[in-house]
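I set out to record what I looked up in this entry, one topic at a time. The notes follow the order of my reading.

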Amino acid sequence: MTRKQRRLVLIGGGLGVLAIAVGLMLNAFRESIVFFNSPSDVADKHIAAGTRIRLGGLVKSGSLVRGDNLKIRFGVTDGNREITVAYQGVLPDLFREGQGVVAEGVLDGAGVFNADTILAKHDESYMPKEVADVLKKSGHWKDDYAQRAAMPVAGAGK
Amino acid sequence: MIAELGHYALMLALGLALIQSVMPIVGTRGSDAVLMSMAGSTALGQFAFVAMAFGALAVCYATSDFSVLNVFENSNSAMPLMYRLTSIWGNHEGSMMLWVFILTLFGALVAGFGNNLPAKLKANALAVQAWIAAAFDLFILTTSNPFLRIADAPFEGRDLNPILQDPGLAFHPPLLYLGYVGFSIAFSFAIAALLEGRVDAAWARWVRPWVLGAWMCLTLGIAGGSYWAYYELGWGGFWFWDPVENASLMPWLAGTALLHSAVVMEKRGALRVWTILLAILAFSLSLIGTFLVRSGVLTSVHAFATDPTRGVFILGILVVFIGGALALYAWRAPLLKQGGLFAPISREGALVVNNLFLTCACVTVFVGTLYPIALEAVTGDKISVGPPFFNWTFGPLFLPLLLAMPFGPLLGWKRGDLLGATQRLLIAAMLAAVAIAAGYALQHGGPVLAPFGVGLAIFVMAGAIIDIAERTMILRIPLSAALRRAAGLPRSAWGTAFAHFGIGVTLMGIVAVTAWGSERIAELKPGGTIDVAHYRLTFDGLFSRPGPNYRDLVGHFTVRRTSGDLIGAMEPSRRTFPARRMATTEAALMTRGVSQLYLSLGDPTPDDSVAVRLYFKPQVLMIWLGALIMFVGGALSLSDRRLRVGAPRPAKAQAALRAAE
């Protein structure tokens, strides 16, 4: 083979692998992207039951109900609207009423959000960035949330 | 006083860095030996001053000087000395100091031990190092000064974030930084080569040990971080595809590619232009890794600060260094001479395949990590790209890479014999087939693909062993002769085999844990039991135990086999840190062979019962064991350096080397 042909083989192979990678990514994007929504977004966008989303807001004070077998229900609010979240499992370390939370899962027909993953902040004053934006948008943001912002998010998967 | 000294030393270091940025390059233009040699002394001086500054900060932490804002915010006098010192890099400012400290240390090493480097290359490379150092010094001094004082010194500090108070954190960030910054040397040499417009095999020989060292540290750092997340975050995952993890994985992937392409360049003089590009990319990804994590662009475990001036500065550094380097590359790379020829089926060809898949895998991680940020900036939509994305892109790209891996070392340089290599790997393939068959026979209810994963891992491991067996001709010649050949093998051959074997071990661990791990969640009252795999745990009760700056609520569990034999006890706890009013979960681990039982506590309920999460993690330790083996492989290969660089060797040793390769 001449130098030119060899180079063509190299470049062809390289582009081929890159094309495969791009194909894989496009395919994976279609299936594994999860949109973040606030309770208001869920109502406004009429998100269909069964669509996988992330729901973020504050855990409504006094809404946490513990059932049998580690079943948990609580309300997530952005100040304007509220959605009930159902979860089964162990909550992350610093899950607290009145604090920010992000839950991932699907809405059922009755409007209850069945979460399979709960992400909560890992610092008493931390607010997930998405939740902070939600609160700012809904006008319920208080400045002291931001003071020690951006400490870890740890999660609990199921 | 000490803090002011540190501050002042850092300013002096910046001054020296600025001198070092310009003078040596001016020197290379006119071949002025004095100006060029200035680089060496300024690099040593810079290191001395940065070491002083870093030492000053360390003293402030060690003596709990809470009049220093940074110490006040991140330390507490009740913490043990070790955590007081590790909290230096548990925050943004201090971690930047550590970064610069390592950077100037490496610069000083190049200056001190680079006596047989060509003068121009050394001068240019050190100047580029100084550009980086100057940018970072300036960044620290203007936006992230760790030496700021508080007017009224508080009596007690705010404490380090509790999840960071852990031995895992003591070594994991410095290792990552050693890796990131190690690539800066490859970067500086690449830019120096571009400035000079020439590059040769000796260049690769110079750069390779640095790349290898950086790669080793990064490997260990990533594995350490993964293990830390595994036991500290309390839910038993070893890899979350979290942006921060991805940020360290990307330089690792690019660095692994660079490591392999530098071999081709060193031995055969080929792939020069590509190797230079990889050197630039590896460090660019390290910079992105450092900054995306620190700037708060990514909401994650490690995002220390959200500060717009910092963000703009960081963006500036990224644009100037990455953009500048790539522009210089586009302009100067065509000047570099082409290297040797090789057939597609050859050792070089195999290494090119390795590079292709590694870089493409790196691209998918890059896109998956940054796409959400880009999308939010453009459309305002907030999305998350979860593990499925990475599993479906990264996985399929790594599969052919792992399949091809055992072939590489068995192919000859220039033109390889694929059929011969296949024949030699037949045993490995047979072992893999047996493992797959056995997997299906034994597995009940696991994922369909899992036995194939095990088969692939066995193929990779057996391939690495066959490589060594072929080189030593063991079983074909008398044992003593084979052992002599083994002793005579270049260390780098052992290094390759070890590193490849390590990949197989890690893969085995990942497959086993993902496919056959089991999890139980339950609420237990004292006396209650919970079963997992063939173990039964009895909850005996909760008790309280004080620590230096925290209080543990410990659950005591007795572990038995299902058959009734007593094995031991596990004591997971909930740890409360009063200084930050924060609690962490301290999981209890029980190691059985390379598998582990993993137990963590949830919130205790008022009626004395407690929520627990219990996992059985089969072969989980192999994940990190594999990384350790890779590290050892790197170390072996690095120790081979003495054979290749430095004083000429006697002819006999040279001939033996060539024969063995």
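In which hand, left-handed or right-handed, does α8(B) pass α9(B) at their crossing? I looked at this pair before anything else, bearing in mind that the model is predicted.

**Entry: the helix pair.** I noted that α8(B) passes α9(B) in a left-handed crossing. In chain B, helix α8 covers residues 201-232 and helix α9 covers residues 243-268. Their axes come within 9 Å and cross at roughly 150 degrees. Angles over 145 degrees count as roughly antiparallel, and I therefore recorded α8(B) as roughly antiparallel to α9(B).

**Entry: chain B as a whole.** I looked up the secondary structure of chain B and found 21 helices and eleven strands. I then checked the radius of gyration, which is 27 Å for chain B. A compact globule of 661 residues would have a value near 26 Å, so the two agree. Along the principal axes, the C-alpha atoms of chain B fill a box of roughly 80 × 75 × 55 Å. I recorded 53% of the 661 residues of chain B as buried. Among contacts in chain B with a separation of 6 or more, 74% are between residues 24 or more positions apart.

**Entry: a sheet in chain B.** I traced an open sheet of four strands in chain B, with the order β2-β11-β10-β9 and antiparallel pairing. The edges are held by β2 (518-524) and β9 (588-592) of chain B. Each of these has a single partner strand, so one side of each is left without a neighbour in the sheet. On average, neighbouring strands of this sheet are turned by 15 degrees against each other, direction ignored. I also looked into one pairing within the sheet: β10 (residues 595-604) and β11 (residues 610-617) of chain B run antiparallel and are joined by seven bridges. One residue I followed was Pro604(B), whose bridge partner in β11(B) is Val610(B). In general, strands of a sheet pair through backbone hydrogen bonds.

**Entry: one residue of chain A.** Is Gly50(A) buried or exposed? I counted Gly50(A) as exposed because 9 C-beta neighbours lie inside 10 Å, and the cut-off for exposed is 12 or fewer. Gly50(A) sits in the loop between α2 (39-44) and β2 (52-59) of chain A. I also noted a separation of 9.6 Å between the C-alpha atoms of Gly50(A) and Phe113(A), which are 63 residues apart along the chain.

Terms used: Residues are numbered from 1 along each chain as its sequence is written. Chains are lettered from A and ligands numbered from 1 in the order in which they are written. This is a predicted model: local features need pLDDT of at least 70, side-chain atom pairs count only at pLDDT 80 or more; totals for chains, interfaces and linings use all residues. Helices (H or I, at least four residues) and strands (E, at least two) are DSSP runs, numbered from the N terminus. The radius of gyration is taken over C-alpha atoms; the globule rule is 2.2 Å times the number of residues to the power 0.38. A residue is buried if 20 or more other C-beta atoms lie within 10 Å of its own, exposed if 12 or fewer, and partly exposed in between; C-beta atoms are placed from the backbone. Two residues are in contact if their C-beta atoms, placed from the backbone, lie within 7 Å. Two strands pair if DSSP finds at least two bridges between them. Axes are lines fitted to C-alpha atoms, for helices over the stretch in contact, and angles run from 0 to 180 degrees between N-to-C directions. Angles under 35 degrees count as roughly parallel, over 145 as roughly antiparallel, 65 to 115 as roughly perpendicular and the rest as oblique. A crossing is left-handed if the near helix is turned anticlockwise from the far one by less than a right angle, and right-handed if clockwise.
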